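Here are my notes on this model, for you to read beside the 3D view. Please check each point against the structure as you go.

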Amino acid sequence: MTQDAASNETRYNQFIEEVVATGTVWGLSKDEAWATSSSADYEDEDVILFWSDEDSAKACAEDDWETYEVESVTLIDFLENWCVGMYGDELILGTNWTPDLSGKEVDPLIVALDIVNLLKEKGETLEFTQYENQDEFEKQLIEALEGEED
């Protein structure tokens, strides 16, 4: 693993841990649009960027995003609407990118599953609005991901 890949992996794990701890995810938005970048890993794909803290998101509000505002999203909204919606739209999720646009690109359902797994590990449960419960959400994530392998 290259140093960049290792740094990206470290920031990804930090993202998962911090959003579980705070219950909040951060992004950059302007007029209903969210900060996106072209994927470095997948040709002709866009990555929607999210951060685990407000300051990291603010640090990236420069150049093309200098007029974007930092916006918070609840963890439930992020899981139920953003991760599931991005999966349906075949978009990639970027976590804790740096101002030089370096960061890990991940399938949004993998991000959601990693968050749910950490919640379970900590003995925490979220109150879902679009799913019966956290176990049902996890089950549907796993089924969707297994369906991708076929």
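1. A pocket is an open set of points on a 1 Å grid over the protein atoms alone, where a 1.4 Å probe fits, with protein on both sides within 12 Å along at least five of seven lines. Grid points are joined across faces, edges and corners, and a volume is the space filled by probe spheres set on the points. This is a predicted model: local features need pLDDT of at least 70, side-chain atom pairs count only at pLDDT 80 or more, and totals for chains, interfaces and linings use all residues. Residues are numbered from 1 along each chain as its sequence is written, and side-chain values use heavy atoms, with hydrogens and water left out. The largest pocket has a volume of about 190 Å³.

2. **Its lining.** Lining residues have an atom within 4 Å of a point. Among them are Tyr42, Met86, Tyr87, Asp107 and Glu148. Helices (H or I, at least four residues) and strands (E, at least two) are DSSP runs, numbered from the N terminus. α3 (75–88) and β7 (104–106) each give at least two residues to this lining. Ala, Val, Leu, Ile, Met, Phe, Trp, Tyr, Cys and Pro count as nonpolar, Asp, Glu, Lys and Arg as charged, and the others, Gly among them, as polar. On that count the lining has seven nonpolar, five charged and no polar residues.

3. **The nonpolar cores.** A nonpolar core is a set of buried Ala, Val, Leu, Ile, Met, Phe, Trp, Tyr and Cys residues joined through side-chain atoms within 4.5 Å. Buried means under 20% relative accessible area, exposed over 50%, and partly exposed in between (1.4 Å probe, protein chains only). The largest core has 33 residues, and Phe50, Phe78, Leu79, Val111 and Ile115 touch the most other members. Two or more residues come from each of α1 (3–22), β4, α3, α4 (108–121) and α5 (134–149). α4 gives the largest share, eight residues. A second, separate core has 12 residues, including Leu28 and Tyr68.

4. **Val111.** What does Val111 touch, leaving aside neighbours within four places in sequence? Contact means heavy atoms within 4.5 Å. Its partners are Tyr12, Phe15, Ile16, Phe78, Leu93 and Val106.

5. **Strand β1.** Five of the seven residues of β1 (24–30) are buried. Two strands pair if DSSP finds at least two bridges between them. β1 runs antiparallel to β5, with six bridges. Gly27 has Glu71 of β5 as its bridge partner. β1 is also antiparallel to β2 (33–34), through two bridges. There, Ser29 is bridged to Trp34. Two residues lie between the strands of this hairpin, and Asp31 takes a positive phi near 50°.

6. Asp44 is not a glycine, yet its phi is about 60°. Asp44 sits in the loop between β3 (36–38) and β4 (46–50). Asp44 counts as exposed because its relative accessibility is 75%. Asp63 has a positive phi near 50°. Its place is the loop between α2 (54–59) and β5 (69–74). Asp63 is exposed, at 61% relative accessible area.

7. **Ala61.** Is Ala61 buried, partly exposed or exposed? Ala61 is partly exposed, because its relative accessible area is 24%. Ala61 lies in the loop between α2 and β5. Leaving aside neighbours within four places in sequence, Ala61 is in contact with Leu28, Glu66 and Tyr68. The C-alpha atoms of Ala61 and Pro99 are 8.1 Å apart, with 38 residues separating the two along the chain.
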